Structure formats: C-alpha cells, structure tokens
Amino acid sequence: MIILALIWGTSFILIKKGLVVYDPNEVGALRMVIACAALLPFAIRNVRKVEPHRWKFLLGSGMLGNFLPAFLFAIAETRLASGLAGVLNSLTALFTLLVGAALFGQSITWMRMLGIVIGIAGTAILIFTGNGNAELDNMYYGLYIVLATVFYGISANLIKFRLQGMKAIAVSSLALLTVGPVALVYLLTTDFLYKLQHVPGAWEALMYIAILAVFSTAIALILFNKLIQISTTLFASSTTYLIPIVALMWGVLDGETIHLWHYLGMVVILLGVFIVNRAR
C-alpha cells in the first residue's frame with residue numbers, strides 16, 4: 001500500500017509535466033499506449049488462458065480503470081493544481097464502497113454512509129471554493145476527477161468479484177491490451193509526432209509521460225490488483241489516505257499554492273474516507 005501511495009501520489013505532477021507540451025488527450029493516449037506496450041509480453045503469454053466470459057470484465061476494467069481516467073485526469077489538470085487532483089482522487093474509496101453496495105451486494109452501515117456524506121461535502125468545498133489565482137470555473141474541472149473516481153470504484157469491484165482467481169499481472173496486462181490499440185489509433189490522428197520533432201521540450205515531456213505510464217499505470221496496476229485479491233476492495237482503496245500527502249508535497253515543491261479553503265476541503269474528505277474505512 002505504501003509503495004502504491006508513493007507511485008500514485010507522484011502521478012499527478014507527472015501529468016502536469018506532460019501537459020507542458022502535449023494536450024490532455026495526447027497525454028491520456030500516450031499513457032495508455034506506453035503502459036500497454038510495457039506489459040505486452042505478459043498479455044501475450046496469458047491471452048489464450050482467459051475464459052471467454054471474462055473478456056467483457058477485462059474490457060470493463062481496461063476502460064473504466066485505465067483508459068477513461070487517464071483522459072479525465074489530464075483534462076482536469078489543465079486547470080487544476082496537481083496537489084488538489086491528488087486529494088480529489090481519495091474519493092475512490094468512497095465510490096468503491098458505494099458501487100460494491102449497489103451492484104455487488106456488499107453491506108453498508110449507517111456509519112459508512114455518514115463517511116460518504118462527509119467525503120462528498122469535502123469534495124464540494126474543494127471544488128466550489130475559488131481563490132485569488134484561479135477563476136471559480138476552473139474549479140469545476142475537479143468534477144472530471146470525481147467522475148474518474150466513480151470509474152475506479154466500478155473497476156475495483158469488477159476485479160474483486162468478476163476477475164478473482166486470475167493472476168494480478170494477467171488481469172493488468174490483458175485489461176490494458178483491450179484499450180491500448182484504441183489509444184494508439186487515436187494517438188496517430190493527433191499532432192503528437194509533429195510536436196515530438198519540432199516542439200522544444202517534447203522529448204522531456206514524453207519522458208515524464210513514459211515514467212507515468214510504466215510506474216503509475218503498468219506497475220501500480222499490478223500491485224493494486226494484487227492488493228485487491230489478497231485483501232478487500234475497501235482496504236486496497238485505502239491507499240487514498242497517503243496519496244494526497246505525496247501529491248501535495250510534489251505540488252508545493254513545484255510552486256503550487258494551496259489556500260485555506262483547500263486545506264479545509266482536504267481534511268473533510270480524508271475524515272470521510274477514514275470513517276468509511278474504520279466503520280463496522
């Protein structure tokens with residue numbers, strides 16, 4: 001869990017560095033293509049071992065747990081500080097519980113419902129409070145991250161309840177295999193190759209995206225899937241306790257300013273996540 005928090009907590013600043021040259025859709029597509037390529041040997045090794053009925057769940061995990069969030073986070077960070085993006089990501093734990101209760105028959109107590117309500121209240125504070133350096137409209141970009149955490153919650157439950165029994169590396173590589181080719185086709189329709197050849201800093205930005213793809217997507221995905229399999233979806237999503245700390249540290253080091261309302265929103269969100277995880 002600690003390793004995951006360090007890797008994922010760093011991903012938000014890497015997205016920001018990639019956006020210096022590439023547009024958010026290019027960042028999202030590059031992230032998927034490189035991550036898919038990194039795990040391709042494992043996908044090829046396991047592709048014939050998959051039971052036919054599991055492919056739809058692998059596609060669901062690939063789209064909801066990887067493809068769509070990669071684009072949503074990149075779009076959000078065109079207007080939102082990377083540190084705040086890391087805090088909003090903590091909502092994954094709340095939506096993992098809600099999706100588990102709504103679609104997979106998981107129990108939900110009144111204390112956990114209280115934690116969910118508190119977490120959503122913290123999100124509202126974080127999204128809808130402006131500051132002197134940004135227009136209020138920019139804060140609405142946080143809703144892209146909220147949507148991404150909903151997708152993460154669905155994907156985590158698919159892995160736990162529909163892909164149980166498969167090795168973590170098989171789930172990770174095959175899920176990426178279902179979306180990697182789509183990302184590659186889209187990437188070839190963009191100005192990515194032109195920027196790589198003519199825009200200063202393009203190779204450096206690509207390096208940041210490659211680190212993001214290999215560590216924060218490919219390797220982290222294997223670790224997360226393994227964590228889900230050996231524990232519970234709620235415990236695995238508890239990495240969100242530590243991710244905001246790492247994300248905010250990188251953001252401050254990169255010169256981002258965090259305001260009083262932001263701190264309040266962060267504390268409220270983490271309080272909600274804490275109650276959800278501790279409630280019985």
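**Close-up views of a predicted helical chain**

The protein chain holds eight aromatic pairs, counted where ring centres of Phe, Tyr or Trp (its six-membered ring) lie within 6.5 Å, with planes under 30 degrees apart called stacked, over 60 edge-to-face and the rest tilted. The model is predicted, and local features need pLDDT of at least 70, side-chain atom pairs count only at pLDDT 80 or more, while totals for chains, interfaces and linings use all residues. Residues are numbered from 1 along each chain as its sequence is written, and side-chain values use heavy atoms, with hydrogens and water left out.

**View 1. Phe-67 and Phe-71 form a tilted aromatic pair.** The ring centres of Phe-67 and Phe-71 are 4.9 Å apart, with 45° between the planes. Both residues belong to helix α4 (residues 55-76) and are four residues apart, about one turn of the helix; helices (H or I, at least four residues) and strands (E, at least two) are DSSP runs, numbered from the N terminus. Phe-67 and Phe-71 are both buried, where buried means under 20% relative accessible area, exposed over 50% and partly exposed in between (1.4 Å probe, protein chains only).

**View 2. Tyr-141 and Tyr-144 form a tilted aromatic pair.** Here the centres lie 5.5 Å apart and the angle between the planes is 50°. Tyr-144 has a relative accessible area of 33% and is therefore partly exposed.

**View 3. Phe-12, Phe-73 and Tyr-152 make up one aromatic cluster.**

**View 4. Thr-149 is located in helix α9 (residues 142-162).** Thr-149 counts as buried because its relative accessibility is 0%. Apart from neighbours within four places in sequence, Thr-149 is in contact (heavy atoms within 4.5 Å) with Leu-88, Asn-89, Leu-91, Thr-92 and Phe-95.

**View 5. The protein chain as a whole has 15 helices and zero strands.** Its C-alpha atoms fill a box of roughly 45 × 45 × 25 Å along the principal axes. Of the 280 residues, 56% are buried. Among contacts with a separation of 6 or more, 87% link residues 24 or more positions apart.
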